[in-house]
Amino acid sequence: MSHATYELKAETRERVGKGSSRELRRNGLIPAVIYGDKQAPLSIALSTKEVTMKIHAGGFMTTVATIDLNGEKIRVLPKDYQLDPVRDFTMHVDFLRVSKDSQVTVEVPVHFVNEEKSPGLKAGGVLNIVRHEVELNVSANDIPEFLTVDLSGLKVGDAVHISNIKLPKGATPVIADRDFTVATIVAPAGGVKEEAEGEAEA
């Protein structure tokens, strides 16, 4: 299941625009917007330090958070953020308002396990990751922290498709029209050990 939820304190932004955003950043705050759930967007300001720490901790885009806006608790899921390309601090965040019944679209990281149990990798094959993340439609309450791919028994030439991965209850891939490939085990440029031996005998 997804990471433990967390809470961020926010204040309402009275003014919007470049000038006010710069002023906020000088004061250690960043502009953010909460939208969705058929309600008017809310312009808020958050602590730059707190948000940047959450982003660097991992799982930011797949963790439902609570925004405490002057005592009102709003459940949200981060949908987008901008980092300053030079100084690596957060410039802006977009949050989607979610309820317990909300269906959301998220990109979930893929983790690979049991590489040592893959004959293909042991023979010198290479894990070719086609998708490091998979986009899922999922309940806001059931966002997985990551998807797990078990490489046990996979040989050179084998592929892992989305149908081979156990998804959380109610989760469906955004790409629904085909059983897309997540990873393959490919032969290295020089061939794998067993294949190289076989060629020598032939």
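Mentor: The dialogue below treats cores, aromatic rings and salt bridges in turn.

Mentor: This is a predicted model, in which local features need pLDDT of at least 70 and side-chain atom pairs count only at pLDDT 80 or more, whereas totals for chains, interfaces and linings use all residues. Residues are numbered from 1 along each chain as its sequence is written, and side-chain values use heavy atoms, with hydrogens and water left out.

Trainee: Which residues have the most contacts inside the largest nonpolar core?

Mentor: In soluble globular proteins, nonpolar side chains tend to be buried together. A nonpolar core is a set of buried Ala, Val, Leu, Ile, Met, Phe, Trp, Tyr and Cys residues joined through side-chain atoms within 4.5 Å. Buried means under 20% relative accessible area, exposed over 50%, and partly exposed in between (1.4 Å probe, protein chains only). Here the largest core has 27 residues, and Val-104 and Val-134 have the most contacts inside it. At least two residues of this core come from each of strands E7 (103-113), E9 (133-139), E10 (147-150) and E13 (181-186); E7 gives the most, with 5 residues. Helices (H or I, at least four residues) and strands (E, at least two) are DSSP runs, numbered from the N terminus. Another core, of 18 residues, lies apart from this one and includes Ala-10, Ile-30, Phe-60 and Ile-67.

Trainee: Which residues is Val-104 in contact with, leaving aside its neighbours within four places in sequence?

Mentor: Contact means heavy atoms within 4.5 Å. With those neighbours left aside, Val-104 is in contact with Leu-77, Leu-96, Val-98, Leu-136, Asn-137, Val-138, Ala-140 and Ile-143. Ser-139, placed in strand E9, is buried at a relative accessible area of 14%. Not counting residues up to four places away in sequence, Ser-139 touches Lys-100, Ser-102 and Gln-103.

Trainee: How many aromatic pairs does a search of the whole structure find?

Mentor: A pair of aromatic rings is described by the distance of the centres and the angle of the planes. Rings of Phe, Tyr and Trp (its six-membered ring) pair if their centres lie within 6.5 Å; planes under 30 degrees apart count as stacked, over 60 as edge-to-face and the rest as tilted. The search finds 1 aromatic pair. Phe-60 and Tyr-81 form this edge-to-face pair, with 5.6 Å centre to centre and 80 degrees between the planes. Phe-60 lies in the loop between helix H2 (48-57) and strand E4 (65-69) and Tyr-81 in strand E5 (residues 72-83), so the pair ties together parts 21 residues apart in sequence. Phe-60 is buried at 4% relative accessible area, whereas Tyr-81 is partly exposed at 29%.

Trainee: Which residues are linked in a network of salt bridges?

Mentor: A salt bridge is a side-chain nitrogen of Lys or Arg within 4 Å of a carboxyl oxygen of Asp or Glu. The whole structure has 4 salt bridges. The network links Glu-7, Lys-9, Asp-68 and Lys-73. Lys-9 is exposed at 58% relative accessibility, whereas Asp-68 is buried at 8%. Lys-73 also meets Asp-68 in a salt bridge, at 3.9 Å, N to O.
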